[in-house]
Amino acid sequence: MLVKIFTDGAARGNPEGPGGYGTILQYVDSKGELHEREYSQGYRKTTNNRMELMAAIVGLEALNRPCEVELYSDSKYLTDAFNQKWIDGWIRKGWKRGKNEPVKNVDLWQRLLAAVQPHSIRFIWVKGHDGHPENERCDRLATSAADADPKELLEDPIA
């Protein structure tokens, strides 16, 4: 089963501003019916990169069996980490990059790496704020997440 995951973080780089993540999972079941499930969560005092990672994590952790996954994000940091194998290099180097520069958000990267393992996954970058339909959808998610009270709208994992 192909699952498309659309994500965005909403901290907008301001640790004092509203922030949150939004994730929508979209899939077609064995009967050919389209389903969508949404997570949105409000947070404060964090960074945009943490929100991007959380958006990907919650989408992947909602899957209770191995799936073919396309994960859409406007975060080059996130998509490049997997598409260009940065994360493999970070692990081999003990979570250091470059000249012993520590990788930030190691706890979330490790959690994301564990969430990725069972799936066949493609991380797809959609350029931000360019009118691309998938990116517009991601932006709407982030806005609603930042404005939301903490809530979880996913009723049950995807079977």
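Two residues are in contact when they have heavy atoms within 4.5 Å of each other. In this predicted model, local features need pLDDT of at least 70 and side-chain atom pairs count only at pLDDT 80 or more, while totals for chains, interfaces and linings use all residues. Residues are numbered from 1 along each chain as its sequence is written, and side-chain values use heavy atoms, with hydrogens and water left out.

Of the contacts in the protein chain between residues at least 6 apart in sequence, 67% join residues at least 24 apart. The chain contains five helices and eight strands, where helices (H or I, at least four residues) and strands (E, at least two) are DSSP runs numbered from the N terminus. Their order along the sequence is β-β-β-α-β-α-α-β-β-α-β-α-β. Buried residues (under 20% relative accessible area, 1.4 Å probe, protein chains only) account for 47% of the 159 residues.

Thr-23, located in strand 2 (residues 18–28), has 0% relative accessibility and therefore counts as buried. Its side chain reaches the backbone oxygen of Ala-55 at 2.8 Å.

Helix 2 (residues 76–83) packs against helix 4 (residues 106–116) at an angle of about 55°, and their axes lie 13 Å apart. Axes are lines fitted to C-alpha atoms, for helices over the stretch in contact, and angles run from 0 to 180 degrees between N-to-C directions. The two helices are therefore oblique to each other; this class holds the angles left after those under 35 degrees (roughly parallel), over 145 (roughly antiparallel) and 65 to 115 (roughly perpendicular). Tyr-77, Leu-78, Ala-81 and Phe-82 of helix 2 meet Trp-109, Leu-112, Leu-113 and Val-116 of helix 4.

How values were computed:
Buried < 20%, exposed > 50% of the residue type's maximum accessible area, 1.4 Å probe, protein only. Polar contact = N/O pair within 3.5 Å; in protein donor to acceptor, adjacent residues only side chain to side chain.
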